[in-house]
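Please take me through this structure in the viewer, stop by stop. At each stop, say what to select and what is found there.

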Amino acid sequence: MSKQIYRACITTTCALAICVTSNAQDYLSAELRSEVDQLVRDAAKNPSTRDTIEARTRTLWRWLNAFSLTGEFVPVNATQMVANTMAGVANGKVALGLMTAIDDLIREFGMRDDMPGAIGRVSVSPEGPFESKSWQTIEVTYTVGELPMQEGAVVVLGRHFMSDTGRWQRDNADEDNFISVRASKPGMTFSAQRVPVRGMHGGFRGPQPQLAFKVEGGGLETGDSYTVVFGDTSGGSRGFQMQSFSNDASPLPIYVDFDRSGTLFSIPIATYETTGGPFNAVHGFVPSIVGVGEAFDVSVRAEDIYFNRATGSIPAMRVIVNGDPFSELGQSDEAIQILSDVSFDQPGVYRFTFVNADGDLVGTSDPVWVREDASVRVYWGETHGHCGFAEGQGSADSYFEFGRDDARLDFLTLSEHDLWMDDFEWKVLNDAVAEYSKEGEFILYPGYEWTSRRNRGGHHNVFFRHAGFDRVPVQEAPHLNMLYHELNAKYEAKDVLVIPHAHQAGDWRLTDVRTERLVEIMSAHGSFEWFGNRYLEHGREVGFISASDDHLSHPGYTSGSGFKIKQRGGLAAVFANALTTDTVFDALRERQTYATSGARIILEATLNGERMGLRQDYTEEREFEGRVMGTSAIDSIELVKNGDTIDHLDFLAAEKNDRTHVQINFSSDSFVPDRDNPRGYRPWSGTLEVNGATIEEVTTPGFQDPRSEWARRDEDDENQLEFRTATRGRTNNMLLRLSDVTDDTTIRVTLRQSQEVGTAPVQIRKPAPIPSADVTFRLGDAVDGRLSNTFQVGRYQDDLTLRFVNPDTPLDQAFSFNDDHDPKPGDYYYIRVRQLDGAQAWSSPFWVGGESPR
């Protein structure tokens with residue numbers, strides 16, 4: 001596996017003797033080597049104190065980064081320990097445990113200098129690729145290096161916190177996911193036990209017991225080996241079930257306590273490749289705006305049920321445009337097929353659909369708007385995603401390639417957590433800009449996620465106009481005001497962009513008007529429109545974007561992960577007149593943006609003829625005009641003023657007395673009134689029963705994650721179904737098609753007891769329990785085509801709503817609004833769009849009068 005994928009090891013202590021090293025070809029400068037040698041001597045003599053911890057940590061940080069540039073793996077928690085310690089220094093109090101951890105890391109790096117071959121080699125057989133959710137047997141072998149494993153040493157199997165592989169076990173050899181261990185040395189055995197592990201390979205929020213094996217019958221010396229068999233089938237097990245996410249580097253982390261001291265070292269992390277499964281559907285990617293007669297490509301991507309790129313045979317398809325036959329795609333083994341040099345000689349909105357040989361719909365495309373004047377385009381980008389450099393999965397290369405080839409993004413950033421980033425990884429990200437960027441086709445920006453907890457300023461993504469900038473990491477700037485100060489001291493504001501987000505909530509009370517120009521209001525963690533309003537209420541002049549916060553190297557086209565990330569990722573839309581590095585970066589800084597929940601909705605909107613993201617002179621005339629070209633039937637378009645919805649257009653409502661299609665809506669807010677992280681996901685699971693009518697069809701257009709959300713009809717009674725979904729600041733829905741409906745038809749919904757999930761620490765409000773409920777709706781009681789029930793959960797009101805809808809509502813809607821009520825200087829507005837499938841779009845704000853912050 002490439003060193004650029006997983007080079008990490010985790011350590012807490014090292015009880016080995018330390019010798020100061022002076023190599024003939026040293027990776028350290030003479031000055032830094034002198035400091036490091038003194039650091040090692042001092043740490044060997046005396047533990048760190050409040051008087052020495054800052055200087056020791058700063059030297060360790062420089063040493064760690066220099067070591068990383070050799071390409072060897074760095075303890076993954078080393079960078080985090082430095083960050084936490086420097087935060088303590090800034091607060092005037094460093095915990096004793098952190099000082100001990102820093103001393104242990106000094107000894108660890110000293111041992112690595114003195115004994116370069118201490119950690120041995122890891123091999124994986126086979127490395128894949130394996131089809132997602134298939135059953136496999138994978139052997140991971142560790143060959144001991146210069147550091148021996150004593151009798152009583154412990155091998156701990158870490159588990160990646162976002163993996164949904166099978167839960168391995170040691171108890172029953174004939175059951176799924178059975179694990180065994182063997183040694184190359186005769187007579188050795190391994191007894192199973194449990195060892196607590198904290199972090200991305202154990203309990204991410206606290207230590208959790210992990211399967212471990214104690215070495216018995218002797219030790220292992222240099223050249224000896226042990227092998228962990230994931231999915232041992234010799235006793236009748238089906239094997240080890242692969243995760244559902246395609247990935248070129250799915251991790252199998254293993255830790256070793258070499259000398260029975262309780263110290264866990266990680267050996268280089270073994271990885272294997274996972275691919276998608278069989279064909280389920282296709283999606284067509286097109287540019288959003290092109291000129292009349294302008295040639296463009298249509299990328300037709302075949303995908304499995306989990307939105308991975310499909311494998312195996314892809315069936316032949318007919319391509320239809322706006323209802324008319326257009327082209328054909330033959331059977332293929334390639335999951336991505338390109339229709340090249342497509343053009344249209346008449347202006348209008350064009351949509352591609354794809355049908356199989358039986359005439360069944362297997363996919364659609366995003367809309368493409370062909371215009372006489374296409375001087376301003378909509379470009380789509382991802383500003384927030386992760387790979388295996390931190391707590392994600394996959395290589396940096398796979399991340400960039402997915403964004404370019406699978407998601408067909410126009411611009412992209414890998415905003416890796418600086419909490420776990422070293423100089424080597426930052427170099428890789430900067431080098432990728434030169435390797436992958438191509439003006440006019442695909443633009444990369446170097447960036448990172450400044451990763452400090454809410455009570456120190458919250459997470460912010462930091463971007464640079466081009467490669468070659470040094471980051472200002474959390475290890476050097478642990479508080480938000482320090483980040484702003486250092487960025488402005490080092491760089492011109494025009495070359496920097498800072499974007500806060502809500503999951504670990506950015507502090508809307510503190511901003512930098514020169515660099516903080518956008519706010520992320522939606523991601524796979526949830527929908528947080530209120531978060532953007534908090535900045536606007538405080539007078540901030542910021543635009544809106546969305547992103548995915550994907551951790552699986554799937555930027556720009558992200559499904560939920562089934563863990564605590566239960567909705568699809570969002571996207572940033574940018575208005576610009578060219579796809580170039582400078583033009584797009586300038587447009588981002590000038591708030592020429594809008595946010596979507598992942599659907600490539602085209603949203604055109606003006607206020608008094610001016611585009612979104614701008615402040616115009618004061619006037620009492622407030623006329624909005626626009627057009628929405630959606631990817632599903634348009635539900636509603638709303639005008640928001642100073643945080644409140646003041647006007648609303650409803651397109652989805654069914655005609656009076658048409659009760660054929662009933663939309664079941666589940667919604668919950670993520671808003672928090674305090675300086676807190678957002679409320680977590682509100683689970684909805686239970687049963688639905690229709691009496692006095694017949695369910696003809698059930699679909700789930702608004703459910704986001706096929707791993708954890710579904711609606712299944714009862715095999716014995718098709719008028720009953722089981723369902724499960726979860727909401728966090730959005731509305732999820734399922735759609736019933738009914739027959740023989742009368743006023744006395746009832747729909748009974750029974751909800752199970754549950755618990756809010758997915759809130760990040762540090763929290764003020766703790767996740768609340770959700771009580772069970774039993775609600776019956778009589779359809780004849782509907783008012784204006786709606787029935788609703790509200791559930792009180794503490795300060796929150798969660799809604800279950802039934803609504804009669806017309807799913808054939810057009811996907812293209814024009815709109816206009818006029819606001820003449822109580823106009824004031826400084827009023828801000830934005831447009832909110834909802835679709836039948838639950839997808840949303842939000843324009844960046846418009847400001848009227850008032851003064852821009854300075």
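Select helix 2 (residues 53-68) together with helix 3 (residues 76-91): the two pack at an angle of about 150°, with their axes 10 Å apart. Since angles over 145 degrees count as roughly antiparallel, under 35 as roughly parallel, 65 to 115 as roughly perpendicular and the rest as oblique, helix 2 is roughly antiparallel to helix 3. Axes here are lines fitted to C-alpha atoms, for helices over the stretch in contact, and angles run from 0 to 180 degrees between N-to-C directions. Helices (H or I, at least four residues) and strands (E, at least two) are DSSP runs, numbered from the N terminus.

This is a predicted model, in which local features need pLDDT of at least 70 and side-chain atom pairs count only at pLDDT 80 or more, while totals for chains, interfaces and linings use all residues. Residues are numbered from 1 along each chain as its sequence is written, and side-chain values use heavy atoms, with hydrogens and water left out.

Stay on this pair. Helix 2 and helix 3 cross in a left-handed sense, meaning that the near helix is turned anticlockwise from the far one by less than a right angle (clockwise would be right-handed). To show the contact (heavy atoms within 4.5 Å), select Ile53, Glu54, Thr57, Arg58, Leu60, Trp61 and Leu64 on helix 2, and Ala78, Thr79, Val82, Thr85, Met86 and Val89 on helix 3. Sorted by class, that contact has 8 nonpolar, 3 polar and 2 charged residues. In this sorting Ala, Val, Leu, Ile, Met, Phe, Trp, Tyr, Cys and Pro count as nonpolar, Asp, Glu, Lys and Arg as charged, and the others, Gly among them, as polar.

Helix 3 packs on helix 4 at an angle of about 140°, and their axes are 10 Å apart. That angle makes helix 3 oblique to helix 4. Here too the crossing is left-handed.

Next, select strand 4 (residues 138-143). Of its 6 residues, 5 are buried, where buried means under 20% relative accessible area, exposed over 50% and partly exposed in between (1.4 Å probe, protein chains only). Strand 1 (residues 121-125) runs antiparallel to strand 4 and is joined to it by 5 bridges; two strands pair if DSSP finds at least two bridges between them. Within that pairing, Arg121 has Thr143 of strand 4 as its bridge partner. Strand 4 also pairs with strand 9 (residues 225-230), in the antiparallel sense over 6 bridges. There, Tyr142 stands opposite Tyr226 of strand 9.

Step from strand 1 to the loop between strand 1 and strand 2 (130-131), where Pro126 is found. The peptide bond from Ser125 to Pro126 is cis, with omega near -15°.

Move on to an open sheet of 3 strands, in the order 16-24-21 and with mixed pairing. From one strand to the next the twist averages 30°. Strand 16 pairs with strand 24 (residues 368-371) in the parallel sense over 3 bridges, and Val290 stands opposite Val370 in strand 24.

Now go to helix 8 (residues 529-537), which is mostly covered, with 8 of its 9 residues buried. The buried residues include Trp530, Phe531, Arg534 and Tyr535. After helix 8 comes Gly539, which has a positive phi near 80°.

Two non-glycine stops follow. Asn322, in the loop between strand 18 (317-321) and strand 19 (324-329), has a positive phi of about 50° and is partly exposed at 41% relative accessibility. Arg591, in the loop between helix 9 (581-589) and strand 37 (593-596), has phi near 65° and is buried, with a relative accessible area of 6%.

End at Pro825, in the loop between strand 56 (812-818) and strand 57 (827-835). Pro825 is exposed, at a relative accessible area of 57%. Leaving aside neighbours within four places in sequence, Pro825 is in contact with Tyr618, Val848, Gly849 and Gly850.
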